[in-house]
Amino acid sequence: MHSLQTETLSMPMEQPQQLNIEDGSKTQRAEWVLNSPEPPGLCHEIVSSIKSAVFPNGGKHSSSSTKQTRSTAAGVVSFLHGLFPILTWGRNYKATKFRNDLMAGLTLASLSIPQSIGYATLANLAPQYGLYTSVVPPLVYALMGSSREIAIGPVAVVSLLLSSMIENVVDPVANAVAYRKLVLTVTFFAGTFQFIFGLFRLGFLVDFLSHAAIVGFMGGAAIVIGLQQLKGLLGISHFTTKTDVVSVLEAVFRSLHHQWYPLNFVLGCSFLIFILFTRFIGRRNKKLFWLPAIAPLISVVLSTAIVFLTKADEHGVKIVKHIKRGLNPISAHELQFSGQHVGQAAKIGLVSAIVALTEAIAVGRSFASIRGYHLDGNKEMVAMGFMNIAGSLTSCYVATGSFSRTAVNFSAGCETVVSNIVMAIAVFLSLELLTRLLYFTPIAILASIILSALPGLIDIPEAYHIWKVDKMDFLACAGAFFGVLFASVEIGLVAAVTISFAKIILNSIRPSVEGLGKLPGTDIFCDINQYPMAIKTPGILIVRINSGLLCFANANFVRERIMKRVTEKDEEGKENSKERTQAVILDMSTVMNIDTSGICALQEVYNKLVSHNIHVRHKSFSM
């Protein structure tokens with residue numbers, strides 16, 4: 001009863017205070033608007049972004065002096081939980097989940113081992129560097145990453161990107177040691193850029209590569225990678241270092257006039273057909289998902305046994321030969337931060353970081369949406385950055401999420417990133433125990449394994465969908481595709497980004513100014529060009545400005561289009577006075593920002609219309 005009386009007495013005391021605030025003078029309210037508080041400064045924004053990147057709850061802790069020790073401990077715990085998500089979900093990890101992760105990890109390793117060797121050769125590195133990249137980066141990501149399904153390791157597109165850009169700086173054949181050192185340095189820069197992007201919440205930089213550009217880039221890169229594999233598939237010794245389709249085909253036809261060994265082609269095509277056939281079976285029967293996953297490893301084992309037993313290497317079949325045994329050697333001393341190639345290494349590292357992040361985040365989010373959880377892109381960038389920095393110190397090149405291996409990991413029933421740990425341990429055991437057995441592995445088999453993974457990179461239905469939805473987006477897709485195919489990887493990327501920016505600028509400086517009409521039987525107003533059934537209101541012109549920004553770049557264009565609409569309606573209304581424009585309603589619901597040029601343009605429109613006895617109103621309509 002006492003508490004009820006207290007509440008009853010306090011209510012009359014609170015109501016006058018609320019009324020005083022609500023009934024404040026106009027002068028006071030005007031003061032709040034005209035003399036608004038200063039917005040947060042740059043330092044405050046940077047600190048807030050760092051806190052939100054490393055603290056799960058934004059770093060909001062009690063600062064009371066009586067709770068300072070507890071607050072500091074909570075801050076440390078929150079920091080560790082934000083930096084290492086495994087501390088959060090690891091407490092609820094059960095044996096049933098480990099059983100699923102164990103099977104998924106072993107299945108993943110059976111695919112990762114042959115693919116890693118093949119991608120290392122694509123990057124012009126020794127085979128063991130692909131295996132190294134499947135050990136340390138997955139372990140680091142397992143501690144810091146938040147995606148449960150993503151499979152970390154070397155991928156075809158990044159391997160091609162590194163080989164095509166770095167070989168323009170250092171020849172991998174003439175100076176293999178300098179080439180390897182530059183690859184490791186590029187990896188360090190790529191990891192550093194990725195970490196900075198995540199720490200300062202610069203994920204929008206990755207969005208410069210639009211979805212359409214990625215579709216075109218992946219498709220062009222897949223064809224280039226496939227043509228590059230003709231060297232291993234045909235057993236060609238001397239091949240071009242260029243990546244464009246014309247140079248590659250010229251090198252192939254030129255090599256056919258010299259001595260080449262058909263056994264390489266027969267062996268490679270035979271196992272390529274075998275891998276594709278197992279994939280077909282796996283798609284028809286979902287219970288046999290493991291069959292296409294282990295098909296590359298079976299191909300390596302069988303082909304190696306065939307070459308060893310038949311001594312086919314003495315009859316022209318090219319083999320891998322020596323693969324260095326043991327765990328990743330420390331490579332910190334091989335990083336080069338001085339010399340003439342540092343600037344180029346940083347540039348290549350930036351491009352590699354963006355491409356790797358784009359692929360990894362796209363893969364991670366697609367599978368996270370299937371499982372129904374959210375993936376924080378900025379935290380993924382921090383994890384990817386740490387992963388590649390650690391990789392550069394342990395003889396790894398740029399690693400990211402692989403779509404094909406992630407799909408296998410998902411199909412195998414993975415529960416958490418422990419599957420990456422299992423895969424890394426399996427690859428490590430292979431480095432310790434199986435490298436001698438891979439001596440007779442045919443290079444044609446590695447080429448066939450890479451070729452079998454390429455169809456997933458070419459998405460023709462998606463390209464057709466882009467064409468149907470947005471022609472300018474398709475132009476960016478085509479620019480990336482043909483740029484990679486007929487010029488180089490970097491030119492394809494530049495073409496895609498340039499077209500995407502041109503689209504943004506064009507839409508900004510020439511926004512559409514639409515005439516609106518009312519749909520019959522509704523209160524909805526739509527573009528009369530898109531909806532011919534929309535009814536115009538006699539004597540009233542309704543115009544919508546489709547731009548989020550009305551500024552100096554488009555103000556004159558918008559003004560001219562509005563006046564043109566008024567003139568056209570007046571021309572239509574010469575025969576019927578009722579159709580003559582009596583009022584103009586501007587729908588500016590999409591305009592979020594306006595500068596002084598935009599204000600001047602609207603003032604000119606207003607003055608001209610008023611001088612012609614036309615009323616002007618601003619109104620927003622629901623769409």
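**Charges, rings and a surface patch**

User: Over the face of which residue does Lys-471 lie?

Analyst: This is a predicted model, in which local features need pLDDT of at least 70 and side-chain atom pairs count only at pLDDT 80 or more, while totals for chains, interfaces and linings use all residues. Residues are numbered from 1 along each chain as its sequence is written, and side-chain values use heavy atoms, with hydrogens and water left out. A charge sits over a ring if NZ of Lys or CZ of Arg is within 6 Å of the ring centre and within 35 degrees of the ring normal. Lys-471 is at 4.7 Å from the ring centre, and the residue whose face it lies over is Trp-467.

User: How many residues apart are Arg-180 and Glu-334?

Analyst: Arg-180 and Glu-334 form a salt bridge with their closest N and O atoms 3.2 Å apart, the term standing for a side-chain nitrogen of Lys or Arg within 4 Å of a carboxyl oxygen of Asp or Glu. The pair links distant parts of the chain, with Arg-180 in helix α10 (residues 176-199) and Glu-334 in the loop between α15 (290-310) and α16 (342-371); helices (H or I, at least four residues) are DSSP runs, numbered from the N terminus.

User: Is Lys-503 buried or exposed?

Analyst: The side chain of Lys-503 meets that of Asp-473 in a salt bridge, at 3.1 Å from N to O. Lys-503 lies in helix α23 and Asp-473 in helix α22 (residues 471-486), so the pair ties together parts that are 30 residues apart in sequence. Buried means under 20% relative accessible area, exposed over 50% and partly exposed in between, using a 1.4 Å probe and protein chains only. Asp-473, with 24%, is partly exposed, whereas Lys-503, because its relative accessibility is 18%, counts as buried.

User: Which kind of ring pair do Phe-189 and Phe-337 make?

Analyst: Rings of Phe, Tyr and Trp (its six-membered ring) pair if their centres lie within 6.5 Å, and planes under 30 degrees apart count as stacked, over 60 as edge-to-face and the rest as tilted. Phe-189 and Phe-337 belong to a cluster that ring pairs form with Phe-188. Since the centres of Phe-189 and Phe-337 are 6.1 Å apart and their planes stand at 85°, the pair is edge-to-face.

Notes:
Helix = DSSP H or I, 4+ residues; strand = E, 2+ residues; numbered from the N terminus.
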